[in-house]
Amino acid sequence: MTNESPPEVNSPKTSAKQKTVKPKRQPKPLRSGQSIVPRETVAGTALVFVIGIMTFLACLTLGAVSMVNTSAAKWQNDISREVTIQIRPFDDLEMEKAIKDASRIALTFNGVSKVTALNNVETARLLEPWLGAGLQLDELPVPKLLTVTLADGAKPDFAKMREQLEIQVPGSTLDDHRTWVDRLTTMALTMVAIGTTVFLLMMAATVTTVIFATRGAMAGNKDVVDVLHFVGADSKFISRQFQKHFLILGLKGAASGTLGAIILFIILGLWSSGSLATPEGDQISALFGTFSLSWSGYFWMIIVLLLVALLTAFTSSFTVQRQVNNLQNYRR
Amino acid sequence: MISFENVGLRYGIGREVLSDLSFQVAPNSFQFLTGPSGAGKTSLLRLMLLSLSPTRGLVKVFGKEASTIRPQQMPIIRRKIGVVFQDFRLLDHLTTYENVALPLQVRGKMELDYRQDVRDLLDWVGLGDRMHVHPPVLSGGEKQRAAIARALIDQPDVLLADEPTGNVDPPLARRILRLFIELHRSGTSVVIATHDLSLMDQYDARRLVLNSGRLQIYD
C-alpha cells in the first residue's frame, strides 16, 4: 500500500478515466425463450399443407351441400305454393261450368289465393314438345288444367278439396305435387348424407395424418420425452407441450384451406352472375341455383376452420398421452 | 424405500444378467453400487427407477409392489426419485437454469416461487455463473453438476446416480461426492453406481457389489 503512488489528479488520462462511466451490464436472461419441445422439431410445412388441402376439400363439400340444399328448398317451396286441378273431358260435360265449379270449390278453402285456368294457347304450348306446333285443341279431348296458387306458408286441407272436387266435378283430379316434393326431399337428404360422409372421411384422413405427424414429432423428441418422463411429468403435461405446436399448425393449415375455398366460391359466384344470360349459365342455375353462397355457408366454413384446428390439437394430445401412458406402463 | 426380493432379469431369450437379487435401500441410507463394467449396474438402477420390469421376483418401491402401480401413478412415484444419468440427459435447447428447474415446472410450480431456490442450488453446485448458458457450452464436469442439481432440486427421497464421477477429474469427483454426502445428511437415501474404487475409499458406506449378475452386500 505504501509503495503505491498517489493518483495524478490533473493528468488528462486520469481525468478521462474518472469521467468514463461504466455501462451497466444487462442481466443475462435465465430463460432461453424456447418451449420444452422446440417448435422447429415438430415437422410443420408438410402437415400444414395436408391440413390445408383437407380443409379446402371439406369446405368445398360443405359449400356444395349448402348450395344444393338451398336450391332444393327453393324448388320445394315453389312447388308447394301451387297445386293443379285437372278436368278430363266427357261427352256430356260442360267444360266451362266444370271449370267454374272447380274454381269455386278451391277458393272456399283457406290459404288459396288464386285459381287460374290455362287457356288453349297456354295448354298448346305445354303440349308442344309431345304433339308438335299448330295444335288444334278443339279437335282433341285434352284435359283442362287449373293452377291453384296458395298463400305463403298455407296448407289447405287437400284431402277434403280432392274429395269435394271428385263429388261435385266429375272427371276432376287434384295434384298437389307430393310425389315431386317427396323426390326432391329424398334427393336433398341424399346429397346431405353424401356430403356428410365425404366430410367425415376427410376429417378421418386429417386425424390419421395428425396421428402420424405426432408420432414422428415424438420420435424426433425422444430425448425430451424421456427426460420429462424421468423427472415425473405426467402424460397430460407432456401432451400439452406438443399440443400447442399442433394447434398452431392446425390453425395455419385450416385457415389457408378455408381462405382458398372462400376465394373459390367468390370467384365462381362472380362468374355465374356474369354468365346468367347465357344458355350454359341458365342450365347451371336451373340445376344448382346461383353459385353464391349464403352467409351461413361462410359461417360454417369458419366453424370448419376452428373444428380442424381443434381436431388437430386434440388428436396430437390424445396420441401423445397414449404413447406416454405406454411408456409409463411398468408391465409393458 | 426400495426393496428387491429374488429379482432376476434377462433381456429377450438370453441368459440372466441379474440373478436372485435381494436387498433393501433403507430411508436415509448411503450406498455405493459397484462392480466391473458390464456387471449390470445400470440395469439394476433402471430396475430401481422402474424403467425396467424384472423377469422374475418382487420389486417394492415406497411400500408399493411395482407391478401394481398404474401408469397414472408412475409420475408421482418418479417425483420421489432423483436420478443422475451417466450421459446427463440435459436438454440442449434450454439454459442450465431451465434444465435444473424442469422438475419443478413439471410439478406445475410457478417460476416466481422457485427461481431463488434454483439459483441457490446452482450456486451450491458451483454453477452460479453458468446458469444462463446452454449445455453444449458446459464442460463435462459442469454438465455433471447441472444433472445432479436437476436431480436434487425437488429434494427427492431417493437419489440414484449412475457413474456420477465418470467424466470428471479426481478433485471434482471429491467435490461431487461431498455434495452427495451433504444431501444424505439432509435425509435423502443415496445410491451411487460407480466402478471408481478411489471414490468409494473416500467415504465409509455400504457397498453393493455386483459380479456376474449376482449381488454381494458389504455393510
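This is a predicted model: local features need pLDDT of at least 70, side-chain atom pairs count only at pLDDT 80 or more; totals for chains, interfaces and linings use all residues.
Which residues in α4(B) are buried?

1. Residues are numbered from 1 along each chain as its sequence is written, while chains are lettered from A and ligands numbered from 1 in the order in which they are written.

2. Chain B contains 7 helices and 10 strands (DSSP runs numbered from the N terminus: helices are H or I with at least four residues, strands are E with at least two). Its C-alpha trace spans about 45 × 40 × 30 Å along the principal axes.

3. Now to helix α4 of chain B, residues 111-124. From first C-alpha to last it reaches 19 Å, close to the 20 Å expected at 1.5 Å a residue (1.5 Å times one less than the number of residues).

4. Back to the opening question: Val118(B), Leu121(B) and Leu122(B) are buried (20 or more other C-beta atoms within 10 Å of the residue's own, with C-beta atoms placed from the backbone). They cover an arc of only 95° around the axis, so they sit on the same side of α4(B) (the arc uses directions from the helix axis to the C-beta atoms).

5. On the other side, Leu112(B), Asp113(B), Gln116(B) and Asp120(B) are exposed (12 or fewer such atoms).

6. The buried residues of α4(B) pack against α3 (96-106) and α5 (140-152) of chain B (contact puts C-beta atoms, placed from the backbone, within 7 Å).

Notes: Two residues are in contact if their C-beta atoms, placed from the backbone, lie within 7 Å.
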